[in-house]
Every structure is written in C-alpha cells, then in structure tokens.
Amino acid sequence: MTSETTAALRARVAELFPALQADLEALVRIPSVSAAAFDQAHVAASAAATEQLLRDAGLPDVQILSAPRPDGTPGAPAVVARRPAPEGAPTVLLYAHHDVQPPGDPATWDTAPFEPTQVGERLYGRGAADDKAGIVAHLGALRALGLPDGADLPVGVTVFLEGEEESGSPSFRTFLETHRDLLAADVIVVADSTNWSVGVPALTTSLRGLVDGVVELKVLEHAVHSGQFGGAVLDAVTLMSRLVATFHDEAGDVAIDGLVVASEPEVDYSEAAFRADSSLLDGVSLAGTGTVSGRLWAKPALSVIGMDVTSVAEASNTIAPSCTAKISLRLAPGQDPVAADAALAEHVAKHAPFGAQVTWRSGEQGKPFLAAGDTAAMRAARAAFAEAWGVEPVDIGVGGSIPFIADLLEVFPEAAILVTGVEDPDSRAHGANESVHLGELQKVVLAEALLLTKVGEGL
Ligand SMILES: [Zn+2]
C-alpha cells in the first residue's frame, strides 16, 4: 500500500466522520438494553435502525435474523449484511453488537445515559463505546472504501451485529451453526475491545475465561446455642472462612493446584495507574506476584462473589449449621474450563476444615481466548494500526471474558480472528459516564479501512 493511498483514505474518513458521528448518536438514543427486565422493543428498534444504516450504505443483502436460545425462547435480533467477495478474494466478517448494558442509576451519570452528549473530544452515552462505536467503525470503513459502489473494497464482507452480547450471547452458538454458510469468512474482526490508551492502538491477543459455582458447607443438623455448645464445635461461617482462606497463598496468588498460568505480557500496567483505576485505598497492598498486567491477563483470579450468612441485624447467639458461598474463578488463556472446574471441586473437597461436609455445585463455564501464534492477519492489523495512529501498536490481554470468541474459533477453525478496540481506559464501558474518544474512533475507522485493503492485497 502506498502512502498516497493512506493519505487519501485518511482524508476520506475525516470527510465522512461528521455523518458517522451523527449515526452513532442516533444509535445511542435507542435504549437497546438486552437484559430480560428491560423492554425488548428497543432491541428490535436498534436492529431495525442498524439494518437501515447498512442498507443505506449500499450492502446488497441485509437481513434481521435470530436463533433459539437453549431454553427454547427466541434469541435477540441480529443484523447480517453481505457483499460477496470479488472473484478469488477473501471474505472478512465484521462483528459488533447493537445491544447495551443497563444504564444503572441515572443519578450516577453526569449526562442522560441515552442522550448522546459531546464534551471536549469525548461522546458520552450508554453504548457510545460498547459497542455502538464498533458498528460505526465497520460502517465507516465500508463507506471510506467507496460503498455503495464499493470501487475500493477488495474483499467480500459480512457485517454481523449481535443483539444479546451483554446478556451472555445465549443463542450465539446456535446462530453460528444455523447460519454457518452466511457467516463463513477467512478473517473475523471483533471490534469490541479496547486500545491501550488514547494515542496507542492495541490488538487484543488474549482474554481470560471463567468458571463459577457454589460451595456448601455443613457442620450441624440444625443451629444450636452458642453458650451450650460453643467451644467444642466451630460455626459454619468460621469454617467457610477457613476454607475460603485456602484459595490464595500468603502473597495473594491463587493456590489451587493444576491451574494454567500463561506467559507474562509484553506491556505492563503501572502500579500507580492500577491503584487509581481500581480505587484501591491508601495502605492496601496489591495481591499476587509478577507484573500487574500478568496478574490481570495471564493468571487465574478467584473472588468470593456471594455468601449466605445470617445478617448482622438478625444475629443471635447460635452456632450456624451451614454456610453457602458463590465462587468466581477467572481463567488464564490456555486453561480448559472443565479442568479448572474439576480442580476447584478437588480443592474444596481436600480442604474441608475439621471434616465439615462440603459440596461443590458447578455453574457457568466460559473459555478463554489466546490468539493463534502470530498470523498474517495479525501482522496486517498491526501494520494498519501503525499507519492510522503513526504509533506502533501493542499486543494486550484483557482480564475479562468474551466467551463467544471461543465459539467463533470452534465453528470457523480456519478463520483468523482479530480482536480490535474502540474503547480506551477512560471509556467506562458498563459503568456510568460511558464514552468514546471521537479522535480515536476516527483512527479506528481508518485502521479498519486500511486493514480491509491489506487483506484484499493478500495475506
Ligand atoms: Zn461489548
């Protein structure tokens, strides 16, 4: 690719950007929260609005489709738009999602969550970043490459905009299998992650997986008087606390045998930034060992996310007969969730304090993601980022999970998967005051247009 091509595309994206921002704002005004307690008519409305945007962009074949969820109810509407590949050229699947997280308490927002508001270079609103910015990135790249007539678009494209990502993608696997022919591609771009910082692009090369479950600990048939029996038997909350304490070693690393630890990332997250971002209180030391980014991306992390105990208000002088805790374990890239669940079950059984009866009930399981080596598609993406930003990109991991990526890999094992970012560390996806940096979004659009051009030139 010549530098004139890049300069021409950069100018074209700049010219198109005001209209793209207006499209993003129109999408943010639709409160498409996919959580079941919210009105799903808004999710249908955002599917219809994105369908119209793709039609107007000149994609010849646009449909709203859904697949059944495991419980038999219909999945949320997804939008699929296609433009077939020129003879012999590859096809690229462009993924984003049009549903959003609930807004939370509007009082915690500085602006109305569904009224897009620009402050400086940032556009605030629920979904402005996650992931309506992803939709606009795909749309912008296609417009920049000359759609509707598509004179400069050298690849086939399939745009796939899911409607239930924020609700755990319950119909995703069935959707992929049902529409396998429609979605099959050589390269898959998942525009739903983050860049390293404002000004520094990133390719997400790993994501952690997740297993959770419930430990139940029983010590007595029923509650008894703590004066009459205390001293010769420990209550179930104390025993559960002793069991929970065995999940970590003295340094705060997870101490469950057999869990995978991946290799250290190439970039580190400074302790000062971590303290500020996480709101860690003065005097509290960090847990774990190794680099901070390694602890967040490359190692397992275990949290107790719920416990059933008598509340302080209802406390009486009795010895609790049982205690239940919900455990969430984030998995390092490369970890099989079934093996992690078995390791947790074995750990719980082996560490039952004072012979208390413990049982492990397995819950959700989500697979981690680890990019397959260093593919030609990844090198093309990094080169596109470097041209768009004028700064070399970094490979990053993400401590959270996007379990549907494992489904994409399993259904389309031949495809190269690229997880790209529209967010930055100030985007506050899922939180109050979510925002996208408009200057960065413009670079994301340019980078995607450059990437499609490079894929068309051959990987
Ligand atoms: Zn998202």
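**Reading rings, a helix and charged pairs**

Trainee: Let's start with Y95. Is Y95 buried or exposed?

Mentor: The cut-off for buried is under 20% relative accessible area. Y95 sits at 0%, so Y95 counts as buried. Keep in mind that we're looking at a predicted model.

Trainee: How many aromatic pairs are there?

Mentor: Rings count as a pair when their centres lie within 6.5 Å. That rule gives nine aromatic pairs here. One of them joins Y95 to F160, edge-to-face, with 5.6 Å from centre to centre and 80° between the planes.

Trainee: Why does the pair of Y95 and F160 tie together separate parts?

Mentor: Y95 belongs to strand β3 (residues 91-97) and F160 to strand β6 (residues 156-162), so the pair ties together parts that lie 65 residues apart in sequence. F160 is also buried, at 0% relative accessible area.

Trainee: And how are the rings of F160 and F175 arranged: stacked or edge-to-face?

Mentor: Look at the angle between the planes: under 30 degrees counts as stacked. For F160 and F175 the planes are at 5° and the centres 5.2 Å apart, so this pair is stacked. F175 is in helix α4 (residues 172-178), 15 residues from F160 in strand β6. Put together, Y95, F160, F172, F175 and F404 make up one aromatic cluster.

Trainee: What about helix α3: where does it sit?

Mentor: Count its buried residues. In α3 that's 13 of the 13, so the helix is largely enclosed by the rest of the structure. α3 covers residues 132-144 and reaches 18 Å from its first C-alpha to its last, close to the 18 Å expected. After α3 comes G146, with a positive phi near 95°.

Trainee: Now for charges. How many salt bridges does the structure hold?

Mentor: Side chains of opposite charge can pair when their charged atoms come close. This structure holds 19 salt bridges. Among them is E51 with R55, whose closest N and O atoms are 3.0 Å apart.

Trainee: Where do E51 and R55 lie?

Mentor: An α-helix has 3.6 residues a turn, so residues three or four places apart point the same way. E51 and R55 are both in helix α2 (residues 41-57), four residues apart, about one turn of the helix. E51 is buried, at 16%, while R55 is partly exposed, at 38%.

Trainee: Which residues join K367 and E410 in a network?

Mentor: First, the side chains of K367 and E410 meet in a salt bridge at 2.3 Å, N to O. They link parts of the chain 43 residues apart, with E410 in helix α12 (residues 404-411). Salt bridges that share partners then bring R173, E177 and D407 into one network with K367 and E410.

Technical notes. Residues numbered from 1 in each chain as written. Predicted model: local features only at pLDDT ≥ 70, side-chain atom pairs only at ≥ 80, totals over all residues. Heavy atoms only, no water. Phe/Tyr/Trp six-rings, centres within 6.5 Å; stacked < 30°, edge-to-face > 60°. Helix = DSSP H or I, 4+ residues; strand = E, 2+ residues; numbered from the N terminus. Buried < 20%, exposed > 50% of the residue type's maximum accessible area, 1.4 Å probe, protein only. Expected span 1.5 Å × (residues − 1). Salt bridge = Lys/Arg side-chain N within 4 Å of Asp/Glu carboxyl O.
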